[in-house]
Amino acid sequence: MNRATAEADHISMAGGYSLATRGAKHVIDHALPRVRAAIEALPLAEGRPFVMSDMGTADGGTSLSMVADALGMARARQPARGLWMVYCDQQGNDYNTLAGNVYGEDSPLSGIADCHVTMSATSFYRQILPAGSLDLGFSATAMHWLSRKPADISDHVHMTGASGLELAAFRDQGHRDWRTILLHRATELAPGGRLVLVNFGKDEEGRYLGNTEGVPMFDSFNALWQSFLDEGQITADEYRAMTLPQYYNTVEEFSAPLTDPSEPAYQAGLRLEAIETRVTPCPYRLAFEGHGDASRFAREYIPTLRSWTQSTFHGALSPTRTADERRALIEAYYYDYERMVRQAPSGHGMDYVHIYMTVRKDG
Ligand SMILES: C[S@@+](CC[C@H](N)C(=O)[O-])C[C@H]1O[C@@H](n2cnc3c(N)ncnc32)[C@H](O)[C@@H]1O
């Protein structure tokens, strides 16, 4: 088992994020034509650098080649203009690995002249950059994380398994948070600036992460956690506290603040230029279809699930437990998940379901 042990920061990614999440890079690579088209459409500005942000970048490894391409393209359009790349995440992020990836000798950014790279630990729920300064804001697979957990779900670990008032609480929070994100970006963007956002969501067929065909991933997470409760390994409070603070918007929910003239984001000048949904197949399942080795599949697949869930599982465990006890429970949980996949691999996998958007700031 992967023994990465991120501390209980609510939603921090486990160490070695980009190594464990090959699929996330495929998702970003697919956004490149959209990023290129957005840069091509930007107004040619003078007297200030071209500014790009990557919000929720984690260790920067999954977006690095896209960012290098985008900056190269901005340079080719305006060779005399400086470049300023701002990597953003929250305070608990692994900034050391990020720094190694983007400033290291092997970084494709290090060879670009007059290219200035900075890191910001400002949440995307706040204004990150000065008003009117941002040319291209990018974000992938990050904005489904809510600013707060609006409720504990009594019988599931994720809002896709919630119902009634609990689901309504997540929907309200998701709608509020999406508008907050957009309004801050409306302030940051220069006139004519663009956002390229690649977010988890629910597509037109009701598909979402790990729930395209085969074994529904969030139900597996929940069934295992429930078995820990049934066996007396965790308490009822710990079971309920394991609620991921996420919301998956639909195309309509993502679009509404950008198409309805009564919405503050629309009034602030944001316009939806394009929106599409896309399923990116789980690379570990695809590889398994080729090699057929169930143990290898389970061993390679579980770290990608673990990279973004373990801090929430860890945080759900009572603070009265010793650190060793908590670590042992987390190890046992992912060990059981790995065993479940090894014993019956068919249907497991984490296909990504994303909603790709381009947004323009008018003005
Ligand atoms: C699944 S990773 C995505 C990393 C990378 N963008 C990619 O697509 O591979 C999600 C990232 O979003 C970050 N994140 C979550 N909430 C955030 C917030 N409010 N502000 C900034 N980053 C946030 C997490 O810390 C994590 O690094």
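This is a predicted model: local features need pLDDT of at least 70, side-chain atom pairs count only at pLDDT 80 or more; totals for chains, interfaces and linings use all residues.
Q: What does the C-alpha trace span along its principal axes?
A: The trace belongs to a chain with 13 helices and eight strands. Along the principal axes, its span is about 65 × 50 × 40 Å.

Q: What percentage of the residues in the chain is buried?
A: A residue counts as buried if 20 or more other C-beta atoms lie within 10 Å of its own. Among the 363 residues of the chain, the buried share is 45%.

Q: What share of the contacts in the chain joins residues at least 24 apart?
A: Take the contacts between residues at least 6 apart in sequence. Of these, the share joining residues at least 24 apart is 83%.

Q: Which residues of helix α2 are buried, and where do they lie on the helix?
A: Helix α2 covers residues 22-30, and its buried residues are G23, A24, V27 and I28. Seen down the axis of α2, they fall within an arc of 145°, so they line one face of the helix.

Q: Which residues of helix α3 are buried, and where do they lie on the helix?
A: Helix α3 runs over residues 32-41, with R34, V35, A38 and I39 buried. Down the axis of α3, these residues fall within an arc of 135°, so they line one face of the helix.

Q: What covers the buried residues of α3, and which residues on the other side are exposed?
A: The cover includes α4 (64-77), β4, β5 (189-202) and β8 (352-361). On the other side of α3, the exposed residues are P33, E40 and A41.

Q: Which residues in the largest nonpolar core touch the most other members?
A: Nonpolar side chains tend to be buried together in soluble globular proteins. In this chain, the largest nonpolar core has 91 residues. Those touching the most other members are V35, M52, A70, L71, M85 and V196.

Q: Which residues does L71 touch, leaving out those up to four places away in sequence?
A: L71 is one of the core residues that touch the most other members. Beyond four places in sequence, L71 touches M52, L83, M85, L109, I112 and C115.

Q: Is T141 buried or exposed?
A: T141 sits in the loop between β4 (134-140) and α6 (164-188). Its phi is positive, near 55°, although T141 is not a glycine. T141 has 22 C-beta neighbours inside 10 Å, so it counts as buried.

Q: Is D114 buried or exposed?
A: D114 is not a glycine, yet it has a positive phi of about 50°. Its place is in the loop between α5 (95-103) and β3 (115-120). D114 has 12, so D114 is exposed.

Q: Which residues does M143 touch, leaving out those up to four places away in sequence?
A: M143 is in the loop between β4 and α6. With 25 other C-beta atoms within 10 Å, M143 is buried. Beyond four places in sequence, M143 touches G56, F124, I181, L197 and N199.

Q: Which residues does F313 touch, leaving out those up to four places away in sequence?
A: F313 lies in helix α12, residues 294-316. It has 24 C-beta neighbours inside 10 Å, so F313 counts as buried. Beyond four places in sequence, F313 touches M242, I330 and Y333.

Q: Is E289 buried or exposed?
A: E289 lies in helix α11, which covers residues 283-291. E289 has 10 C-beta neighbours inside 10 Å, so it counts as exposed.

Q: How many Å separate the C-alpha atoms of H291 and T21?
A: H291 lies in helix α11. With 10 C-beta neighbours inside 10 Å, H291 counts as exposed. H291 and T21 are 270 residues apart in sequence. In space, C-alpha to C-alpha, they are apart by 19 Å.

Technical notes:
Residues are numbered from 1 along each chain as its sequence is written. Helices (H or I, at least four residues) and strands (E, at least two) are DSSP runs, numbered from the N terminus. Two residues are in contact if their C-beta atoms, placed from the backbone, lie within 7 Å. A nonpolar core is a set of buried Ala, Val, Leu, Ile, Met, Phe, Trp, Tyr and Cys residues joined through C-beta atoms within 7 Å. The arc is that of the directions from the helix axis to the C-beta atoms.
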